[in-house]
Amino acid sequence: MTVCTGNICRSPMAEIVLRDRLEAAGLGGRVVVDSSGVSDEEHGNPVDRRARQVLAAHGYATGDGHRARQVTAADLAGHDLLLPMTAQHARRLRRLADGGAGSDGLAEIRMYRSFDPAAPVVEPGGDEHLLDVDDPWYGDQAGFETTLAEVEAAADGVVEHVRSFLDR
C-alpha cells in the first residue's frame with residue numbers, strides 16, 4: 001500500500017505505476033496494490049485531474065474508479081508493505097502501528113523512495129526527509145511530472161523487494 005496525505009496525487013500515482021510494473025514482471029496475479037492517505041480531508045475524491053493527465057501522457061491507467069480513503073490500523077495488519085511518500089507519513093504510520101496490540105503481523109513500513117538506487121542513502125535513525133516525494137498538489141503540472149519521475153525511479157526496486165518476499 002502506498003500512502004500520502006490525501007490519497008489523490010502521490011499515492012494513487014505510485015499505486016498505478018507499481019501495479020503496471022508488477023504486472024509486467026509477471027507478479028500481478030500474486031500481489032494486491034492499493035493506496036491510502038494519512039488524512040481524511042479528501043475522503044471519497046477521485047485522483048487529482050493533473051495526476052490523471054500526467055499518468056495518461058505516460059501511458060498509464062488514470063485511476064478511474066479510485067476514491068480517496070484514510071489509512072486504518074487494519075491496513076497495517078492487512079498489508080505486508082506500507083510505502084509512505086514522506087517522513088511525516090512514515091511517522092504517522094508508525095504511531096498508528098504503536099497504537100495496535102503489538103507489532104506481530106503488522107506491515108513493514110519503508111519509505112517509497114528508499115527503493116530508488118539514485119536516492120540518498122539514509123541510515124537507520126537518519127533523516128528520512130531526504131527521501132520525501134514532494135507534494136505536487138500546490139504547484140503546476142511540472143510538479144506532477146517530477147512526482148511521476150520519482151515514483152518510476154523507485155518502482156523497479158519495489159518490484160524486486162516484493163519478488164524477494166514472495167520467493168521466501
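**Pockets and cysteines**

1. The largest pocket is lined by 19 residues, and those lying nearest its centre are Val31, Val32, Asp80, Leu81 and Val162. A pocket here is an open set of points on a 1 Å grid over the protein atoms alone, where a 1.4 Å probe fits, with protein on both sides within 12 Å along at least five of seven lines, and lining residues have an atom within 4 Å of a point.

2. This is a predicted model, in which local features need pLDDT of at least 70 and side-chain atom pairs count only at pLDDT 80 or more, while totals for chains, interfaces and linings use all residues. Residues are numbered from 1 along each chain as its sequence is written, and side-chain values use heavy atoms, with hydrogens and water left out.

3. The volume of the largest pocket is about 340 Å³, and 12 nonpolar, 4 polar and 3 charged residues make up its lining.

4. The second largest pocket holds about 220 Å³ of space. Of the 17 residues lining this second largest pocket, Met111, Ser114, Val122, Glu128 and Leu131 are the closest to its centre, and the lining divides into 9 nonpolar, 3 polar and 5 charged residues.

5. A search of the whole structure finds 0 disulfides, a disulfide being a pair of cysteine sulfur atoms within 2.5 Å. The closest cysteine sulfur to that of Cys4 is in Cys9, 6.7 Å away, which is too far for a bond. Cys4 is buried (under 20% relative accessible area, with a 1.4 Å probe and protein chains only), its value being 2%, and Cys9 also counts as buried at 3% relative accessibility.

Technical notes
Buried means under 20% relative accessible area, exposed over 50%, partly exposed in between (1.4 Å probe, protein chains only). Grid points are joined across faces, edges and corners, and a volume is the space filled by probe spheres set on the points. Ala, Val, Leu, Ile, Met, Phe, Trp, Tyr, Cys and Pro count as nonpolar, Asp, Glu, Lys and Arg as charged, and the others, Gly among them, as polar.
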